[in-house]
Amino acid sequence: MELTYVLLRRAAAISLACLLCVLLLAVWRARSDVRREGLGAGQLAQLSSQLAALQNVAESGLQEKIGALREVGHLRHLDFRLEDAGSGEVLAQSKAEELPPLAMRPFLWLLNLFARPHAAEESSWHLERADGRSFRVTLTTNPFSEQREAFDDIVGVTGVLLLYSLCLLVALYWAVRHAFAPLRRILDTIGAFERQDYRARLPAMRIREMDVIARALNHLAAALGQIQEERRLLSLKLLTLQEDERSHIARELHDELGQSLTAMRADATYLLRRTDQQPELHAVVAELEQQCARVQQDIRDLLGWLGKPSDATNRGPIPIDELVEALVESWRNRPGQTIEYRLTVDLGDIDIPQALALTLYRMTQEALTNVARHADAKTAAVRLVTRPGQAIEWSVCDDGVGIASYNEASQQGNGLAGIRERVWAHGGELEMLDRGPTGSAPGLRLVACFPCPEAERASGAPSMRNDELEAN
């Protein structure tokens with residue numbers, strides 16, 4: 001069903017409903033006008049009857065008839081007055097119109113502005129009784145009464161039109177809002193896509209245009225989801241290759257350069273003993289031995305950074321808790337260390353895949369290096385625990401100087417971009433908060449949450465990644 005047809009059909013239904021309401025109001029208004037006309041005609045008929053009776057009534061009932069005429073009240077569009085023709089005494093008259101209300105005065109001003117005021121017209125005649133007494137009857141037109149009724153009609157018509165417009169607007173608002181209600185789901189789905197969540201899908205919709213948009217968005221989400229999954233696989237492959245290259249370099253350093261340095265240091269030690277009686281040569285050899293010792297220590301540190309937590313040929317589980325504890329302990333034992341390192345590890349009996357365990361180790365290694373080099377912190381806390389629902393939460397926080405912005409920090413090459421890439425590759429989410437372990441600024445808190453490995457295996461997607469990684 002096309003959107004134009006839906007809107008036109010609802011607009012027609014609304015217009016018809018509003019028109020029926022207006023007709024009902026007009027009928028009610030006409031009924032009020034007919035009743036008012038009937039009352040006015042009845043008053044005139046009653047007045048004519050009482051005046052006719054005044055002419056023929058007996059002397060004893062004359063005052064009663066005159067008293068009845070005094071109760072005539074307001075007459076519609078007319079003023080009535082009964083006078084004694086001999087003395088000129090006013091015996092009875094209708095009630096005068098009250099002053100126009102404040103709301104009516106602008107209408108009277110406009111009426112006098114565009115039309116000449118209609119002058120009152122007076123009509124008089126005499127009633128002669130058989131006893132010789134005569135009465136003068138005077139009827140005078142009352143323009144203000146006509147103006148009051150015209151004002152009431154205008155107010156009534158304006159009120160009906162205002163009510164009609166209001167009802168029409170409300171009904172159109174409801175119709176448009178109801179017709180475009182599926183757009184809210186489309187906007188919510190687009191918002192999910194902006195957050196790189198391509199799992200959301202839109203159902204089939206009754207309106208043809210929106211159904212086309214929904215199917216296009218579903219197709220786009222499927223394509224983007226596939227591309228994102230391929231990017232994750234590629235990123236994981238690159239990380240795996242990086243780890244293999246690190247292991248290769250570490251083995252080469254250990255097997256070739258390490259053994260050569262050990263031989264050189266042994267030769268220097270031998271020469272050091274043989275040159276005890278030659279002070280000048282002894283000093284040179286001692287310096288050579290110290291240089292070899294420093295280079296050997298640097299190589300050990302480099303091996304510690306490059307070294308893989310498990311052997312390259314071992315594809316079994318990695319004891320991540322023991323490795324992280326050893327890593328933190330190595331930072332505690334470094335010479336000249338002034339930072340207090342805290343560690344909390346509580347993973348329970350959850351089985352962490354090798355790739356994820358290696359990522360957690362490298363992230364911890366990178367984050368602690370950043371703390372030592374850039375944070376100027378006194379305390380650093382590492383936390384690796386499972387959350388309710390078996391999600392894995394990793395965090396490293398310090399009470400140092402923090403960072404001004406993520407973009408600037410990434411451009412400085414302090415490893416935050418690499419941490420974010422590793423988290424994204426495993427389907428996790430990374431937050432960077434500007435507060436330290438005690439919760440007070442400054443400082444930096446890196447928090448990453450990874451989905452439960454069992455849940456990933458149950459869904460099938462992550463296991464597919466692992467299989468493909470193993471194949472490579």
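Trainee: Which strand holds D398, and is D398 buried or exposed?
Mentor: This is a predicted model, in which local features need pLDDT of at least 70, side-chain atom pairs count only at pLDDT 80 or more, and totals for chains, interfaces and linings use all residues. Residues are numbered from 1 along each chain as its sequence is written, and side-chain values use heavy atoms, with hydrogens and water left out. D398 sits in strand 7 (residues 392-398); strands are DSSP runs of E with at least two residues, helices are runs of H or I with at least four, and both are numbered from the N terminus. Its relative accessibility is 4%, so D398 counts as buried (under 20% relative accessible area; exposed is over 50%, partly exposed in between, with a 1.4 Å probe and protein chains only).

Trainee: How far apart in space are D398 and P442, C-alpha to C-alpha?
Mentor: In sequence, 44 residues separate D398 and P442. In space, their C-alpha atoms are apart by 8.7 Å.

Trainee: Where does R81 lie, and which residues is R81 in contact with, leaving aside neighbours within four places in sequence?
Mentor: R81 is part of strand 1. At 23% relative accessibility, R81 counts as partly exposed. Contact means heavy atoms within 4.5 Å. Leaving aside neighbours within four places in sequence, R81 touches V90, A92, Q93, E122, R136, V137 and T138.

Trainee: What is the C-alpha distance from R81 to L139?
Mentor: R81 and L139 are 58 residues apart in sequence. C-alpha to C-alpha, the distance in space is 6.6 Å.

Trainee: What is the phi of H77, and where is H77 found?
Mentor: Most residues other than glycine have a negative phi. H77 is not a glycine, yet its phi is positive, about 70 degrees. H77 is buried, at 15% relative accessible area. Its place is the loop between helix 2 and strand 1 (78-84).

Trainee: What about Q196: what is its phi, and is Q196 buried or partly exposed?
Mentor: Q196 lies in the loop between helix 5 and helix 6. Q196 is not a glycine, but has a positive phi of about 60 degrees. At 45% relative accessibility, Q196 counts as partly exposed.

Trainee: Are helix 5 and helix 6 roughly parallel or roughly antiparallel?
Mentor: Helix 5 (residues 181-194) and helix 6 (residues 208-274) pack at about 15 degrees, with axes 11 Å apart. Axes are lines fitted to C-alpha atoms over the stretch in contact, and angles run from 0 to 180 degrees between N-to-C directions. Angles under 35 degrees count as roughly parallel, over 145 as roughly antiparallel, 65 to 115 as roughly perpendicular and the rest as oblique. Helix 5 and helix 6 are therefore roughly parallel.

Trainee: Which residues of helix 5 and helix 6 meet, and how many are nonpolar?
Mentor: From helix 5 come P182, L183, I186, I190 and F193; from helix 6 come M210, I213, L217 and A221. Nonpolar covers Ala, Val, Leu, Ile, Met, Phe, Trp, Tyr, Cys and Pro; charged covers Asp, Glu, Lys and Arg; polar covers the others, Gly among them. This contact has no polar and no charged residues, and the nonpolar count is 9.

Trainee: How do helix 9 and helix 11 cross, and what are the classes of their contact residues?
Mentor: The axes of helix 9 (residues 354-375) and helix 11 (residues 416-425) come within 10 Å and cross at roughly 160 degrees. That makes helix 9 roughly antiparallel to helix 11. Helix 9 supplies T359, R362, M363, E366, A367 and N370, while helix 11 supplies L416, I419, R422 and V423. By class, the contact of helix 9 with helix 11 has 5 nonpolar, 2 polar and 3 charged residues.

Trainee: At what angle do helix 1 and helix 4 pack, and are they roughly parallel or roughly antiparallel?
Mentor: Helix 1 (residues 3-56) and helix 4 (residues 143-179) have axes 10 Å apart and an angle of about 160 degrees. Their contact has 16 nonpolar, 3 polar and 7 charged residues. Helix 1 and helix 4 are therefore roughly antiparallel.

Trainee: How many helices and strands are there, and what share of residues is buried?
Mentor: The protein chain has 13 helices and 9 strands. Of its 472 residues, the buried share is 35%.
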